[in-house]
2 protein chains.
Amino acid sequence: MEVTNTIYEIAKNYETPFVLLDPKLLETNYKRLASVMDNLEIYYAVKANSHPEIIKTLFNQGSHFDIASRGEIELLLSLGIPGQLMSFGNTIKKEKDIAFAYENKIEMYSVDSEMELEKIANNAPGSKVYARLLMSSDDSDWPLSKKFGTDIDHVIQLLVHAKGLGLIPYGVSFHVGSQTYNKYKWKEAIVQAAEIFYQLKEYENIELEMINLGGGMPIQHTRPIPQIEEIGLMIKESIEEYFADVKRLRVIVEPGRSMVGDIGVLVTEVILRSRKQKDNWVYIDAGVFHGLLETIEDFRYEIIVEGKEEEETGIFSLAGPTCDSVDTIYDEVELPVSITMGDKLYFKNAAAYTVEYGTTFNGIKPPKAYIIQ
Amino acid sequence: MEVTNTIYEIAKNYETPFVLLDPKLLETNYKRLASVMDNLEIYYAVKANSHPEIIKTLFNQGSHFDIASRGEIELLLSLGIPGQLMSFGNTIKKEKDIAFAYENKIEMYSVDSEMELEKIANNAPGSKVYARLLMSSDDSDWPLSKKFGTDIDHVIQLLVHAKGLGLIPYGVSFHVGSQTYNKYKWKEAIVQAAEIFYQLKEYENIELEMINLGGGMPIQHTRPIPQIEEIGLMIKESIEEYFADVKRLRVIVEPGRSMVGDIGVLVTEVILRSRKQKDNWVYIDAGVFHGLLETIEDFRYEIIVEGKEEEETGIFSLAGPTCDSVDTIYDEVELPVSITMGDKLYFKNAAAYTVEYGTTFNGIKPPKAYIIQ
């Protein structure tokens, strides 16, 4: 989202910190992704931003939803979204949450272990399951490598085991890592998924029908990114090449950040500027515990300071408002040299994984989200 | 807090994850700290755990309170605690929060910069201010070194400037870092504070009256710690030695973790155990976004698994319930070899900085806190 004079005007109405969201941009993002490939099914990853307006806008566009917990299922049900449109994509599910999902007609479940299969067989008998393949993720900003997924041989074993448990071995998923810059990562994963399809058909008489490409498509921050069309083309061509033999194939994506990240801006205010020894410090009213948690892994946002867009910059340390040193956003960041108390900072493309990470630490409320009408 | 059969019985009443708190242990902790030195004034750091029962118990014991924001002031006022018993210890305060504090009779404010002094002069005229000295903190688990405090010369300049602004230059504070193991750190800081008292009296005709020792006293986790009495004795002797010339001296401490950390236990349940490649993984229903944020800096809790206390252990990766790789608690931790779904894990001495750091990420509610009657 561009930070324009209109945004400055709207921002005057609210007390900082807050996130401004523009659902019209969300419609554009949805259409753009949907058009990269025929029959691409979009399951929005609700965890990125669960604001009801975002959910409703995407539902109206025809989106399905990737959900992580009973809490997210309940939210979507309360907005009139049926369970059939949801996929339970978390490989770590409470048994009673699986039962709740099954009661509410959720049909697809993610797994990467035997025990998870058994939980699903016991609580959602006969359901479709897809197994998550472990990918390396060296080319992403927010790696997802170790906790989820498993290797090809194990994925195959799991899907065979699923059949034995009376479940439907349905497909393969992977996640190349959030903010992945290298489009060939998707190709690499698709080749591996095709191998699983092939082996299961050839040796186990199991015909999978679904490939779930996960999320990970990047949005613009401070580094150049491949465009969604470019990644989409890579995916389309790879699927055409490696899945030519698969008769019925559903292709699913689970965009989170790439769907909502750039539809909003985090607006904060400078509380204090100070000089200590050789360092200049700027303190703002959002921070690691209040919307900017991803910066602990040095996730870099583009920052605009209202009224000082063209000013010469200097190097500052930027920190949040709490009594905790971990609440330091950037040890070094360029900001306008005259930055001072009361200045408003706009963190661009900050609608994903910001409000969702908020705490009330230090008695300070997390940023609110407001919708641009 | 010891994890006994009684705790196991009580834990059966609640759905995991949750923190069990025992206010009787809090009374013991308060009395123990208060007895290390005559006239030691205790300002409990509310940010460590702001549960109303904790605040009320400490108030009844005679505690004062170190607060970080308007939200914490409002909480304490709602519990009948007057502003005179609060110190505004955050060096990063919103101007309107300072005004609110002043209206509500808060008398003492922390600073480490000129601009903060000016904000206080404008919004809380005539108030007492204390300046925060920057300490190195190599011997602590959760460092506080860079964001807060400033050097001796700057502290002196700030307190002189305070006088010029019509404020009362009142004292010096420092923080040796959370979970500090080296008692000599307090002595080192006291020597530096004494130097500031001396110089201001000798050259500026300013007589400071207060030294604020901050927090940082450790509680038992997996490493041996110095006892509170041992640190207390070091503090007492250092003050007697280096502040012998100061006629009126208030000595303040701001315990957070050391006051509440060991009065509670975080109770969680295993959702899933899996084996991937060569690693064994255990997933529980609390995690980095749900009470265990401090583990991202490898903060180590002692963990008890109910019914498997005496079992042989193996090495596991331990992770939380969300779809985020950052939500990995420990890459390697010893747990009973037979650990499996449904087992209850008790994180000992986990009453500080756990509930306060909770988010609702992935639609999963943060741990609740329950009081042991």
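Biologist: Does Glu41(A) count as buried or exposed?
Modeller: The model is predicted, and the value is computed from it. The relative accessibility of Glu41(A) is 18%. The cut-off for burial is under 20%. Glu41(A) therefore counts as buried.

Biologist: Which residue meets the side chain of Glu41(A) in a salt bridge?
Modeller: The pair has an N to O distance of 2.6 Å. A salt bridge needs that distance to be within 4 Å. The partner of Glu41(A) is Arg250(A).

Biologist: How many residues apart in sequence are the parts that Glu41(A) and Arg250(A) tie together?
Modeller: Glu41(A) sits in strand 2 (residues 40–45) of chain A.

Biologist: Which residues are linked with Glu302(A) in a network of salt bridges?
Modeller: Glu302(A) meets Lys348(A) at 3.7 Å, N to O. That pair links distant parts of the chain, 46 residues apart. Lys348(A) is buried at 10% relative accessibility, while Glu302(A) is partly exposed at 31%. The network links Glu302(A) with Lys348(A) and Glu2(A).

Biologist: In which element do Lys185(B) and Glu188(B) both lie?
Modeller: Their side chains meet in a salt bridge at 3.9 Å, N to O. The two residues are 3 apart, about one turn of the helix. Lys185(B) is buried at 5% relative accessible area, and Glu188(B) is partly exposed at 34%. Both lie in chain B, in helix 8.

Biologist: How far apart in space are Val191(B) and Ile206(B)?
Modeller: Val191(B) also lies in helix 8 (residues 184–204) of chain B. Its relative accessible area is 34%, so it is partly exposed. Ile206(B) is 15 residues away in sequence, and the C-alpha to C-alpha distance is 18 Å.

Biologist: Which backbone oxygen does the side chain of Tyr109(B) reach?
Modeller: Tyr109(B) is in strand 5 (residues 108–111) of chain B. It is buried, with a relative accessible area of 0%. Its side chain reaches the backbone nitrogen of Tyr102(B) at 3.3 Å. The backbone oxygen, at 2.9 Å, is that of Ile106(B).

Biologist: Which residues of chain B are in contact with Ser113(A)?
Modeller: Ser113(A) lies in the loop between strand 5 (108–111) and helix 6 (114–123) of chain A. It is buried, with a relative accessible area of 1%. Its side chain reaches the backbone nitrogen of Glu116(A) at 3.3 Å. Beyond its neighbours within four places in sequence, Ser113(A) is in contact with Leu158(A) and, in chain B, Leu272(B) and Ser274(B).

Biologist: How much area do chain A and chain B bury between them?
Modeller: 69 residues of chain A are in contact with 69 residues of chain B. In chain A, Met115(A), Lys147(A) and Cys323(A) lose the most area to chain B, together 13% of what that side buries. Of the total for both chains, 59% is on carbon and sulfur atoms, and the total is about 5,400 Å².

Biologist: How many salt bridges does the rule find across the interface of chain A and chain B?
Modeller: Asp327(A) and Lys147(B) meet in a salt bridge at 3.7 Å, N to O. Salt bridges across the interface number 8.

Biologist: Which element gives the largest share of the side of chain A that touches chain B?
Modeller: Elements that give two or more residues to that side include helix 4 (70–78), helix 5 (95–103) and strand 12 (264–276). The largest share is 6 residues, and it comes from strand 12 of chain A.

Biologist: What kind of axis relates chain A and chain B?
Modeller: A rotation of 180° superposes chain A on chain B, with 0.0 Å of shift along its axis and an RMSD of 0.0 Å. That is the relation of a two-fold axis.

Biologist: Which residue of chain A comes closest to the rotation axis?
Modeller: 100% of the interface residues of chain A are also interface residues in chain B, so the copies meet through the same surface. The closest C-alpha of chain A is 2.6 Å from the rotation axis, and it belongs to Thr359(A).

Technical notes: Residues are numbered from 1 along each chain as its sequence is written. Chains are lettered from A and ligands numbered from 1 in the order in which they are written. This is a predicted model: local features need pLDDT of at least 70, side-chain atom pairs count only at pLDDT 80 or more; totals for chains, interfaces and linings use all residues. Side-chain values use heavy atoms; hydrogens and water are left out. Helices (H or I, at least four residues) and strands (E, at least two) are DSSP runs, numbered from the N terminus. Buried means under 20% relative accessible area, exposed over 50%, partly exposed in between (1.4 Å probe, protein chains only). A polar contact is a pair of N or O atoms within 3.5 Å; within protein, one must be able to donate a hydrogen and the other to accept it, and residues adjacent in sequence count only if both atoms are side-chain atoms. Contact means heavy atoms within 4.5 Å. Buried area is the accessible area (1.4 Å probe) that two parts lose on being put together, summed over both. Copies are superposed by least squares on the C-alpha atoms of residues with pLDDT of at least 70 in both.
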